[in-house]
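Hi,

Here is the structure I promised to pass on. Have a look at it first, and my notes on what turned up follow below.

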Amino acid sequence: MKAAGGSRTAVLVCQGRAAADGLASPGRFADPVAVELLRDDERRPVEQVRANTPPSTWLERLEYESVRACAAIAVPRTVAIDDAVRHHPSAQVVIVGAGLDTRAWRLPELADRAVFEVDHPASQRDKRERVARLPEPARPVRPVRPVRFVPVDLARDRLAAALAAAGYRRDLPTTWIWEGVVPYLTRAEVERTTAALAALSAPGSRLIVNYQARRPAIAVGQLISRAAYLVAGRRSMWANEPWRSLWTATAMANLLRRHGFTVGSDDDLLAVATRLPASTARRASLRSGRVAVADRPG
Ligand SMILES: C[S@@+](CC[C@H](N)C(=O)[O-])C[C@H]1O[C@@H](n2cnc3c(N)ncnc32)[C@H](O)[C@@H]1O
């Protein structure tokens, strides 16, 4: 990741959740904190998507469509992961590549847990500035214990040492949330990170990992989006945050098994959206996103 000001894809996912809050899958999906983490200019396309009023200029329309597409993915992805966390709320929860994740401020099940947010230093700096401006009433949950921020570049730094310095306990079971990060890491970095998580996982730990499977339609969509940004005279977010690894369900299951995790479920987001119910209009994107839930036997 090269984005000095922090991850732009993290902002986009947050915009997607803010756009869907209270509108998509009511009763199953809600993220009232997401909008509070956004800056004014980032809120504009969110409001336009919520009001279903596409802007007329080319560049604004690109942003609008990105947020709309992201909202459709964010809903089933968030619900699948929230459910897996709720059914297994360990004493410690570590969110790896947290971006603008809102779970610590949103899920009552995490209020009294030790929550660690690991992220690239640039993204975490940006997140902390935003969190400092969160208005009190915007938080459905006030974490009893403050979130522990752990800056780590997964491509270079040692996760174990950074977590230990933040008070992580290897003797306690952990729920790991690894959402929307795997595609930005090389296969070797994913393998190394999985090994690090496994080495830190006491029996009874759970790893929830969201990853992308290869779909030709998605590659074409990204190319078109990049070209559209080029025409508009802007660098797309994929320029600084390109996708580096895609995984089949079998390859992911093998990786998890090699590191001592037993896969309990691995669903694509289309299956999750169909069960919710949620919009299934973006079938190719929904099919390519997957959430695997794997446990370390107790
Ligand atoms: C698409 S965002 C996802 C954020 C969040 N998990 C979510 O789903 O909303 C990608 C995240 O991966 C993080 N990331 C990418 N490369 C990383 C690296 N080498 N080390 C640590 N974090 C990284 C970014 O900082 C960013 O927060």
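The axes of α1 and helix α2 (residues 40-51) come within 9 Å and cross at roughly 35°; axes here are lines fitted to C-alpha atoms, for helices over the stretch in contact, with angles running from 0 to 180 degrees between N-to-C directions. Helices are DSSP runs (H or I, at least four residues), numbered from the N terminus. The crossing is right-handed, that is, the near helix is turned clockwise from the far one by less than a right angle. On the α1 side the contact (heavy atoms within 4.5 Å) involves V11, Q15, A18, A19 and A20, and these meet E42, P45, V46, V49 and R50 of α2. By class that makes 7 nonpolar, 1 polar and 2 charged residues, where Ala, Val, Leu, Ile, Met, Phe, Trp, Tyr, Cys and Pro count as nonpolar, Asp, Glu, Lys and Arg as charged, and the others, Gly among them, as polar. In the loop between α1 and α2 sits S25, which has a positive phi of about 45° although it is not a glycine.

Before you go further: this is a predicted model, where local features need pLDDT of at least 70, side-chain atom pairs count only at pLDDT 80 or more, and totals for chains, interfaces and linings use all residues. Residues are numbered from 1 along each chain as its sequence is written, and side-chain values use heavy atoms, with hydrogens and water left out.

Now the ligand. It has 22 residues around it, and G97, D119, S123, L154 and E179 come nearest (near means a heavy atom within 4 Å). Helix α1 (residues 8-20) gives the largest share of this shell, 4 residues. The shell has 10 nonpolar, 7 polar and 5 charged residues. As for polar contacts (N or O pairs within 3.5 Å), a ligand nitrogen is 2.8 Å from a polar backbone atom of G97, and a backbone N or O atom of E179 lies 2.7 Å from a ligand nitrogen. The side chain of D153 has an N or O atom 2.9 Å from a nitrogen of the ligand.

One more helix pair: α7 (residues 187-199) and α10 (residues 249-258) have axes that come within 10 Å and cross at roughly 35°, in a right-handed crossing. R187, V190, E191 and T194 of α7 make the contact with A251, L255, L256 and R258 of α10.

Lastly, the peptide bond from L276 to P277 is cis, with omega near 0°. P277 is in the loop between α11 (269-275) and α12 (283-288).

Cheers

Key: A polar contact is a pair of N or O atoms within 3.5 Å; within protein, one must be able to donate a hydrogen and the other to accept it, and residues adjacent in sequence count only if both atoms are side-chain atoms. Helices (H or I, at least four residues) and strands (E, at least two) are DSSP runs, numbered from the N terminus.
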